[in-house]
Amino acid sequence: MSDAVLDRETIDPDQLVNRRLVALFFLMALVFLSVAILGGLLMALQLVHWNPLRGIELLSPGRWRMIHTNAVAYGFLANAFLGALEWSVPRMTLRPVASRALSWFIFVAWQVIVLSTAVGIMFGQAQGVEWGETPVWIDPVAMLGLILVMINFMVPIAQAKRPPYVALWYFIAPFIWPPLTYAMGNFMPQYWVSGTGGGALTGLFIHDLVGLFVTPLGWGLMYYFVPILLKKPIWSHGLSLVGFWGLAFFYPLSGIHHFLYTPIPMFLQYGAVVATIAIEFVVTTVVINFFGTIWGSGRMIVTSIPVRWFYTGMVFYFITCLQCALQVTLTFQKLIHFTDWVVGHAHLVMFGVFSFWLMGIMVYLFPRLIGREWYSRKLLEYHFWLSAVGLFVMFVDLGLAGVFQGFYWASLLPWDVSVEGSQPFWITRVFAGLSIVGGLLCFLYNLYRTYMGGYETSSESATGRIMPEPA
Amino acid sequence: MFESKSGVFFIGGLAFFFLAFASNALVPIYMYRDLPEQPVRKLVNENLLYQFEDLHKRYQEPFEAAYGTPPEDETEAEAWYADRCAEALLRGRTIYTGEGCWHCHSQFVRPVSREEDRWGPVAEVYEYQNELQRPVLFGTRRVGPDLSREGGRRSNDWHAVHFFRPKMLIPTSPMPEYTWLYDGSPDQPNADGLALITYVQWMGSWLHSYPYYERFEPISGTDSGME
């Protein structure tokens, strides 16, 4: 412990963290989030017959639907995660990343990869792997990018002398998981495995992308930022062990649950169902741990906007996972598979949970990155409430739509009946989406005004604190 | 072990990943090792050839602009049509994935929720062991109907009009227009348009029940059809 204390006194946080780079990662994340949300809006308008841009090849809603999901995964989430990692990994290990030049290279290369993915999809070159529509010629480059990211962050983690804090477990594993997942999902079904076996692979890919890339990085960041913001240690170290190892073991085992009732052998489908239900118990331990942590400081949810983003996301996470455990059963699947229920579920987890956490991190970090307080707290409140209400309405609305669609289909009424019956839900969804757009616009305007004006804060709060002393 | 860096990396990062990979991916791949992947040329069957030749008759000019003219000799012409048809299938699949058709139309019929009545025989493994299912296009969402039993149910000219402007045939349809698959009007499908129609007509063309028409008996009252 003595060397850590020494480090703390001698190391200048600015030597550890490249604040400019973190800010740029966040900025690009917001750019791609805007692109993704516009894509989603276009598809939503198409479904309610209000699309003003019909018959334009490059703006075809089918293509933009893929840009929507890919921009969220690789443009928004990946960029925001990279920014947050550039901030938190050096602070936890007290060592800078392997190479600052490499960090810059990764930044530029990643934007090129995401942009060319979007352009490739726009020009109709999508690959037939859901969430891996990245055109095949970009796949090897993206793969290389992921390996460089791994090297850049693994070096400081490997050099750190102390046993790693929980957050670092969640980072160590996801540096090896994404390259493996990416290779599995993008190369195997494309070049080697066709048909049903390939279906099992792509199911595992969609699943691992959420479970072994987005989820562990998200939770790792929560384990890092929540104790800092609440100024107290995590409630139970033992529970965090259960959470991490439970996730690492059970999560990847449930890949096939995306393709229940396909020709994939039933015993594998049952296995995936059981593993998915097991995850619900693991998730419960993690959520209990975090609510144990905030116990006694509950007012922080009102006073601190980042803490509010974090804990709202956690409540949504619990709902998502509870939903998972129910909808994965074959009984539920009969009704809701293929319907908007699943779309609602996907939005709840990707936007309501991980994007909320990253928004909270951005709200907390931007003043520390550009050295100015937020221009307007009120706009931050609008951002939160418009996003949270919009997302929740969208989730409930699409869930209901899914139940209706499922019953329409099973009743053997003509197909158009299900489409017409979905209209009220789809129209509601457009407005829920517009609320989210409004929230984002508040945030972007606030950020712009903060950057342009605002006032300097003291250097202490601008640089923030290094890791709190472990309890 | 469970709190050390190497433990997290090797047990969590590598071992658990490969355990899941083996059980969730390698097991089905191994189970179907005796069902080799059919090349696209073998997928051209009589039902599909009928549709492909029909495309030639209906859209002679665009068809010949895209594929040339068939040889005079009858047996040679047969082989020529089959070869061109295989090309069209591959190109059709590229368009089908590029336009994201598979995000609103699934390609498998489930054994539940009365899908057999609506679409026909439940999906089987052998139907997917071919070049056109690499990567497989099961799909995860149905805004429009499943397409795996679509072949032969509707005529080529129906599809030509439908891809051009779906609302002309189904006023309530939210499907986007694909006017760039045409040279200006629905009776002028270009090479891409012809390929996409061929691809859609292929689906289910290998089945004995081809073409499958739904047993359309809507149910009323309390029976939801979910049993």
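# A guided tour of chains A and B

Begin with two helices of chain A, α8(A) and α14(A), which are oblique to each other; by angle, under 35 degrees counts as roughly parallel, over 145 as roughly antiparallel, 65 to 115 as roughly perpendicular and the rest as oblique. The model is a predicted one, in which local features require pLDDT of at least 70 and side-chain atom pairs count only at pLDDT 80 or more, while totals for chains, interfaces and linings use all residues. Residues are numbered from 1 along each chain as its sequence is written, and chains are lettered from A and ligands numbered from 1 in the order in which they are written.

**Stop 1: two helix pairs in chain A**

Select residues 195–230 (α8) and 340–370 (α14) of chain A, whose axes come within 10 Å and cross at roughly 40°. Helices (H or I, at least four residues) and strands (E, at least two) are DSSP runs numbered from the N terminus. Axes are lines fitted to C-alpha atoms, for helices over the stretch in contact, and angles run from 0 to 180 degrees between N-to-C directions. The crossing of α8(A) with α14(A) is left-handed, that is, the near helix is turned anticlockwise from the far one by less than a right angle (clockwise would be right-handed). Display the side chains of Val214(A), Gly218(A), Leu221(A), Met222(A), Phe225(A) and Leu229(A) on α8(A), and of Val353(A), Phe354(A), Trp357(A), Ile361(A) and Tyr364(A) on α14(A), which make the contact. Two residues are in contact if their C-beta atoms, placed from the backbone, lie within 7 Å. In this contact, 10 residues are nonpolar, 1 is polar and none is charged; Ala, Val, Leu, Ile, Met, Phe, Trp, Tyr, Cys and Pro count as nonpolar, Asp, Glu, Lys and Arg as charged, and the others, Gly among them, as polar.

Next select residues 266–294 (α10) and 305–327 (α12) of chain A, where the axes come within 9 Å and cross at roughly 160°. At that angle, α10(A) is roughly antiparallel to α12(A). The crossing of α10(A) with α12(A) is left-handed. Residues to display include Val283(A), Val287(A) and Phe290(A) of α10(A), with Tyr317(A), Phe318(A) and Cys321(A) of α12(A). The contact has 14 nonpolar residues, 1 polar and 1 charged.

**Stop 2: positive phi in chain A**

Select His49(A), in the loop between α3 (19–47) and α4 (61–93) of chain A. Although His49(A) is not a glycine, its phi is positive, at about 65°. His49(A) counts as partly exposed because it has 15 C-beta neighbours inside 10 Å; a residue is buried with 20 or more other C-beta atoms within 10 Å of its own, exposed with 12 or fewer, and partly exposed in between, C-beta atoms being placed from the backbone.

Move to Lys231(A), in the loop between α8 and α9 (237–250) of chain A. Its phi is near 60°, a positive value in a residue other than glycine. With 10 other C-beta atoms within 10 Å, Lys231(A) is exposed.

**Stop 3: chain B and its side towards chain A**

Colour chain B by secondary structure: the chain has 7 helices and 0 strands. Of its 227 residues, 45% count as buried. Domain 1 covers 1–31 and domain 2 covers 38–202, with bounds from an automatic or database domain assignment. The centres of these domains of chain B, taken over C-alpha atoms, are 40 Å apart.

Now select the interface, where 69 residues of chain B are in contact with 76 residues of chain A. The elements of chain B giving two or more residues to it are α1 (5–31), α4 (74–98) and α5 (115–119). The greatest share, 17 residues, comes from α1(B). This side of chain B holds 35 nonpolar, 19 polar and 15 charged residues.

**Stop 4: loops of chain B**

Centre on Trp102(B), in the loop between α4 and α5 of chain B. Trp102(B) counts as buried, with 23 C-beta neighbours inside 10 Å. Beyond four places in sequence, Trp102(B) is in contact with Gly128(A), Tyr96(B), Thr97(B), Leu137(B) and Gly139(B).

Then select Asn130(B), in the loop between α5 and α6 (156–164) of chain B. Asn130(B) is buried, with 21 C-beta neighbours inside 10 Å. Its contacts, not counting residues up to four places away in sequence, are Ser194(A), Gly195(A), Glu37(B), Gln38(B) and Leu43(B).

Pro135(B) is also in the loop between α5 and α6 of chain B. The peptide bond joining Arg134(B) and Pro135(B) is cis, with omega about -5°. Finish at Pro211(B), in the segment after α7 (191–202) of chain B, where the peptide bond from Tyr210(B) is cis, with omega near -15°.
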